[in-house]
Amino acid sequence: MLLGFISLLLTVGEKTIANICIPKSVGETFLPCSEPSNGEEEEAKCEAQGKVSLLSREGARELHYLIFVLAFFHSLSCVLTFSLGMAKMRRWESWEAETRTLEYQFSNDPRRFLLMHQTSFARRHLRFWSEHRFLRWPACFLRQFYASVYKVDYLTLRHGFITAHFAEGSNFDFQKYIKRALEKDFAVVVGISLWMWIFSMFFIFFHAHGLYNYFWLPFIPLLMLLLVGTQLQGIITKMCLDSHDKSQVVRGTFLVRPSDHFFIFGWPKLLLHLIHFILFQNSFQLAFFTWTWYKFGLRSCFHRKTEDIVIRLAMGVLVQILCGYVTLPLYALVTQMGSSMKKSVFPENVVEGLNRWRANARKNVALKSKYTSARPSVDASSSPDTASPPPGTCPSFSLDASYSKKFDRPSDSECLAVEIKDEEKEIRVSRETGEDQKRGSFGGFDVRKIS
């Protein structure tokens, strides 16, 4: 959407941008080649002033092609990354099915008690390096390359999530929930935001001659991806340490407590934005390489050295595989351990039912308030000159000041009957209010905990 809007702006403002003149000394800076090209036609206005255009019309058309190539590579990169991640997470279906077997329920019976160090999860994460930050981070960095998600990690985090948000013994399908949440995140990653496009413009400037960008620019997405994977592994270890500090005895199975304070700045969604940025910048570098290869040739001034071509292609493929097969499954599991659940905890049919229920509830509340405000008031319909009846008597009604008729005072039993009706109405209203207060929960499930 944003790329299409930028392309439209370039089409509309092509002539206006070309008429913006800058000095030749400024126009010859930040160029990818050591010698500027003189093949482009400059605008007559700038040529008469002895200046050059900020962006020629030919340059605007080439930028159009780059935008289309970038959109194609970014979409392809996202599809390949999520396909690799889904292939890696396919084994989680058998782990989820195992939680419904009698053997698993017997081994994790809450009536059994174990010491902390006797559990598989504690033996994996409570090591000599766990307590020391400078040792923990290198260990987490290396751990992400070998079986980034272990079976014991999945089962323990699943147990902590269900214990925190559901009733004990719930048969919630955690694997399907992760899959639905990842599909929602895919819609975020496949998009392009304005600040990412701004960073891409800086990447273009860094391709200037003399900066030797192929020695450091292709490594930025890889370095960020490794830091994200290290952070995710560190979150699992910190959750283990947190539970170990609070108790030395385990009831049934190891229990971790989800919380936002384990994440950077207490914001689990920040990791999604970092992965989004990594994939987009990696796609941008591959798209830029393909576009310059097609337009100017493989041995143009953009890629004069062989090591430039090898480094860019190798880093692009490595980031793609590492992000899809290693980091993405780890992200999908760990980010569920925040303080609140995601809306994808409900299947699509349940979400549609909740939306209909919410719309009907709002409609009923609006109708009740409208009916209450439209009811005639005895005080408003009575004449202001008429004095209020004494206590213990029923009110009298008058249609006109000259033709006023007062009803005889009824017996005490009739007045008593009116009071009973009013009491019954108050009881009925109070019961309806109590039912409305219960609507904040859905089948024993606190809806307010959904983020």
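Trainee: Buried or exposed: which one is Glu-62?

Mentor: This is a predicted model, so local features need pLDDT of at least 70, side-chain atom pairs count only at pLDDT 80 or more, and totals for chains, interfaces and linings use all residues. Residues are numbered from 1 along each chain as its sequence is written, and side-chain values use heavy atoms, with hydrogens and water left out. On relative accessible area (1.4 Å probe, protein chains only), under 20% is buried, over 50% is exposed and anything in between is partly exposed. Glu-62 has a relative accessibility of 9%, so Glu-62 is buried.

Trainee: Which side chain does the side chain of Glu-62 make a polar contact with?

Mentor: Start from helix H5 (residues 57-88), where Glu-62 is found; helices (H or I, at least four residues) and strands (E, at least two) are DSSP runs, numbered from the N terminus. A polar contact is a pair of N or O atoms within 3.5 Å; within protein, one must be able to donate a hydrogen and the other to accept it, and residues adjacent in sequence count only if both atoms are side-chain atoms. At 2.8 Å, the partner of the Glu-62 side chain is the side chain of Lys-295.

Trainee: And Arg-158, how far is a polar atom of its side chain from the backbone oxygen of Phe-172?

Mentor: Arg-158 is found in helix H10 (residues 151-165). With a relative accessible area of 8%, Arg-158 is buried. From a polar atom of the Arg-158 side chain to the backbone oxygen of Phe-172, you get 3.4 Å.

Trainee: Which helix gives the most to the lining of the second largest pocket?

Mentor: On a 1 Å grid over the protein atoms alone, a pocket is an open set of points with protein on both sides within 12 Å along at least five of seven lines, a cavity is a set where a 1.4 Å probe fits but cannot get out, and lining residues have an atom within 4 Å of a point. This pocket holds about 720 Å³, a volume being the space filled by probe spheres set on grid points joined across faces, edges and corners. Of its 29 lining residues, the closest to the centre are Asn-108, His-159, Thr-163, Glu-168 and Thr-253. With four residues, the top contributor is H10.

Trainee: What volume does the largest cavity have?

Mentor: The whole structure has one cavity of 30 Å³ or more. Its lining is Pro-218, Asn-282, Gln-285, Leu-286, Arg-312, Met-315 and Gly-316, with helix H14 (269-296) and helix H15 (306-334) each giving two or more residues. The volume is about 40 Å³.

Trainee: Where does H15 bend?

Mentor: H15 has 29 residues and reaches 40 Å from first C-alpha to last, close to the 42 Å expected at 1.5 Å a residue (1.5 Å times one less than the number of residues). A bend is the angle between axes fitted to the seven residues ending at a residue and the seven starting there. For H15, about 45 degrees turns up at Cys-323.

Trainee: What phi does Phe-265 have?

Mentor: Phe-265 sits in the loop between strand E4 (249-251) and H14. At 76% relative accessibility, Phe-265 is exposed. Phe-265 is not a glycine, yet its phi is positive, about 60 degrees.

Trainee: How far apart in space are Ser-339 and Ala-164, C-alpha to C-alpha?

Mentor: Ser-339 is in the loop between H15 and helix H16 (348-374), partly exposed at 38%. In sequence, Ser-339 and Ala-164 are 175 residues apart, while in space the C-alpha separation is 8.9 Å.
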